[in-house]
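Hi,

Here's the structure I promised to pass on.

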Amino acid sequence: MTNDLSSYRQSDTWKEILSEGTVWQQVLEELNRSAIINAILAQSRKRREWVFVGCGTSYYLAESAAYCWTLLTGQPARALPGSEVLLFPKIVQAEGTEIQAVVISRSGKTSEAVRAAAVLSHDLRVPTIGITCAENSELEKGCEMTIVLRAADEQSTVMTRSFTSMLIASQYLAARAAENAAFIADLRKLAEQFTPRIPLLGEQMEEFVATHTFADYVFLGQGAFYGIARESALKVMEMSCSYSQVFHTMEFRHGPKAIVGPETCLTFFLSDAAQDREAEVLAEMKDLGGVAIAICNRAADKLRWASDLLVEYSFSGDELALLAAFVVPCQLFGFFTGIKRGLNPDHPKNLTRVVMLD
Ligand code: F1P
């Protein structure tokens, strides 16, 4: 692929981003027919605390999945990078508790993820579920049960549809555990409604990148959107080698805002529930000269006027079902920024598709 904007349509990364809504529909249909979901629900019914584990993008997925698990089921849940389980297994606090572990890995090969599953299952005696996009993986061999999302696997190094699809799968499992059929219907509605929106988002982000140049990037979110902010920052870093930082939105006032200036791009992930407070931070950063992207479900007028770029979904269902869609504009942001900088998102600098340790 040459690096000019006109030929990007040949790239695997572009095709995989473009396929997200369609793949989400396929994944939901497969999950609905899957016997493994029923087996997981039966085996984990008595578990009282959930620990989601992953590396890189899959760790940020674990963060969002843990937040969704608690909001949907009422059970406590937390996220850990695979390395923490390996280096400090006592952090899991498994003795005498009813913990259920979920290890997430697109490849099912990442050494830290596979080894963390072994520590959880064998050393800590914590039942472990796997979520992956790869068939017959080491992860699947090391977990009691594994959800395999074949339709979401990717050729590219950078994770895009695998992230959103495995997030949706974790939300589906939580909704089934909570017997919340309405939420599952909302996931299906989102997948259908979002599919035609992706090309339009691509045009919007391509135009924004073509007309703006930034020195650094900040991503801000609260609650379940914080994991989305973390993943969004990673997309821009991986695909464009840009300097990105992530904070809880209201935390940004407590010092980090010192960096804000005309070359700072701040992306806000605004929730329906706390938009007033989150939009106040956006307005303040605009007053400091920053450029603001707002990604939300419904924009209040003051947010609409203050944003330099607004992505508004106007989704009628549970805003948590919209979570996967919030990351797609930033997958596109990283993609077009990388191309503008003469990079090839299919072959990101310094990265390999899987991190294998000796
Ligand atoms: C995890 C990961 C990716 C990263 C790169 C290297 O992969 O760290 O997040 O973008 O591809 O691997 P996995 O465990 O989900 O396969």
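A residue counts as near a molecule if one of its heavy atoms lies within 4 Å of it. There are 13 residues around the ligand, and S58, S105, R106, S107 and T110 come nearest. Bear in mind that this is a predicted model: local features need pLDDT of at least 70, side-chain atom pairs count only at pLDDT 80 or more, and totals for chains, interfaces and linings use all residues. Residues are numbered from 1 along each chain as its sequence is written, and side-chain values use heavy atoms, leaving out hydrogens and water.

The shell around the ligand has 2 nonpolar, 8 polar and 3 charged residues (Ala, Val, Leu, Ile, Met, Phe, Trp, Tyr, Cys and Pro are nonpolar, Asp, Glu, Lys and Arg charged, and the others, Gly among them, polar).

Now for the backbone. A backbone N or O atom of R106 is 2.8 Å from a ligand oxygen atom, and one of T157 is 3.1 Å from a ligand oxygen atom. For R353, a polar backbone atom lies 3.0 Å from an oxygen atom of the ligand. The protein covers 95% of the 380 Å² of accessible area that the ligand has on its own (Shrake-Rupley method, 1.4 Å probe).

Happy browsing!

Definitions and conventions
Polar contact = N/O pair within 3.5 Å; in protein donor to acceptor, adjacent residues only side chain to side chain.
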